[in-house]
Amino acid sequence: GEVVWDESRVLDVTARVDGWVEDLRVTREGDPVKQNATLLRFYGPELLATQRELLVAPPGGRLAKAARERLRLWGMSNTAITEMLHRGQPRARVSLKSPIEGVVIEKRVNEGAHVSAGALLYRVADPSRVWVLGEVFEQDLPHVAVGQQVRVSLPRALGQPVVGEVAYIYPTVSRDTRAAKVRIELDNASGAWRPGMFANLSFDVDLGEHLAVPVDAIIYTGPRRLVF
């Protein structure tokens, strides 16, 4: 198996309005970030114009409500809007914040860049929980079920084995390996499980009683197999 990010804990940070990056705070992939930490600050003409529209609109009126809603949809928080109204001056630059605490796994923006609405700027992952995607050969699939316990260990004794459960069995089989993927979800508060690591999965399955001999006792002699 291989350790990967928990897809349900990966969030994209995108631009909601056109603008220019003028203050890039997080500059490297792999940097940790706190929730609501500022990733960058940018200047957007539409944001500036809408703030000015809100400042001159009658309070509580239709135009004021529409301008406030546009600012919220473009990523400006209620606190920032209230502070702007209290000062009576529009914000020239607006902060873009991290939606979660985690690690930046992708960075697609640089200082001074022009960004368009919808452009992916950052991808942030929460490393406190990870997935292990294992491969089970198709002839062994009848012995694997959702909820079944499995021991997961890292190679070279990098950590003690942990017990997890099969959370999902993927519905397809690889044409090349003739194996299906299974997903095990693991807590990763210690950070020992790093995406990209290989892991070994061990399933305890009752196959009933069978004749068994040591593998070293079998000698292959062409058409025959002799057992000593």
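**Close-up views of a predicted model**

**View 1. Arg129 and its surroundings.** The R129 side chain makes a polar contact with the D187 side chain at 2.5 Å. A polar contact is a pair of N or O atoms within 3.5 Å; within protein, one must be able to donate a hydrogen and the other to accept it, and residues adjacent in sequence count only if both atoms are side-chain atoms. The model is predicted: local features need pLDDT of at least 70, side-chain atom pairs count only at pLDDT 80 or more, and totals for chains, interfaces and linings use all residues. Numbering runs from 1 along each chain as its sequence is written, and side-chain values use heavy atoms, with hydrogens and water left out. R129 lies in strand β10, residues 129-137. Strands (E, at least two residues) and helices (H or I, at least four) are DSSP runs, numbered from the N terminus. Not counting residues up to four places away in sequence, R129 touches D6, R9, E185, L186, D187 and N188. Contact here means heavy atoms within 4.5 Å.

**View 2. The six-stranded sheet.** The order is β1-β10-β13-β12-β11-β14, in an open sheet with antiparallel pairing. Edge positions go to β1 (2-5) and β14 (200-202); each has a single partner strand, so one side of each is left without a neighbour in the sheet. From one strand to the next, the twist averages 40°. Axes are lines fitted to C-alpha atoms, for helices over the stretch in contact, and angles run from 0 to 180 degrees between N-to-C directions. Two strands pair if DSSP finds at least two bridges between them. β1 and β10 are antiparallel, with four bridges. E2 has L133 of β10 as its bridge partner. In a regular strand, side chains alternate between the two faces of the sheet.

**View 3. The four-stranded sheet.** Another open sheet runs β2-β9-β7-β4, with antiparallel pairing. β2 and β4 (32-33) stand at its edges, each with a single partner strand, so one side of each lacks a neighbour in the sheet. β4 pairs with β7 (residues 102-107) in the antiparallel sense over two bridges. P32 has V103 in β7 as its bridge partner.

**View 4. The largest pocket.** Its volume is about 450 Å³. Of the 20 lining residues, G75, M76, S95, L96 and K97 are the closest to the centre. A pocket is found on a 1 Å grid over the protein atoms alone, alongside cavities, where a 1.4 Å probe fits but cannot get out; a pocket is an open set with protein on both sides within 12 Å along at least five of seven lines, and lining residues have an atom within 4 Å of a point. Grid points are joined across faces, edges and corners, and a volume is the space filled by probe spheres set on the points. β2 (10-14), α3 (78-87) and β6 (94-97) each supply at least two lining residues. β6 gives the most, with four. The lining holds seven nonpolar, six polar and seven charged residues. Ala, Val, Leu, Ile, Met, Phe, Trp, Tyr, Cys and Pro count as nonpolar, Asp, Glu, Lys and Arg as charged, and the others, Gly among them, as polar.

View 5. β15 (residues 218-221) and β16 (residues 224-227) pair in the antiparallel sense over four bridges. I219 stands opposite L226. Two residues separate these hairpin strands, and G222 in the turn has a positive phi of about 80°. N36 has a positive phi near 70°, in a residue other than glycine; N36 sits in the loop between β4 and β5 (38-43). R178 also has a positive phi, near 55°, and R178 is found in the loop between β12 (162-173) and β13 (179-187).
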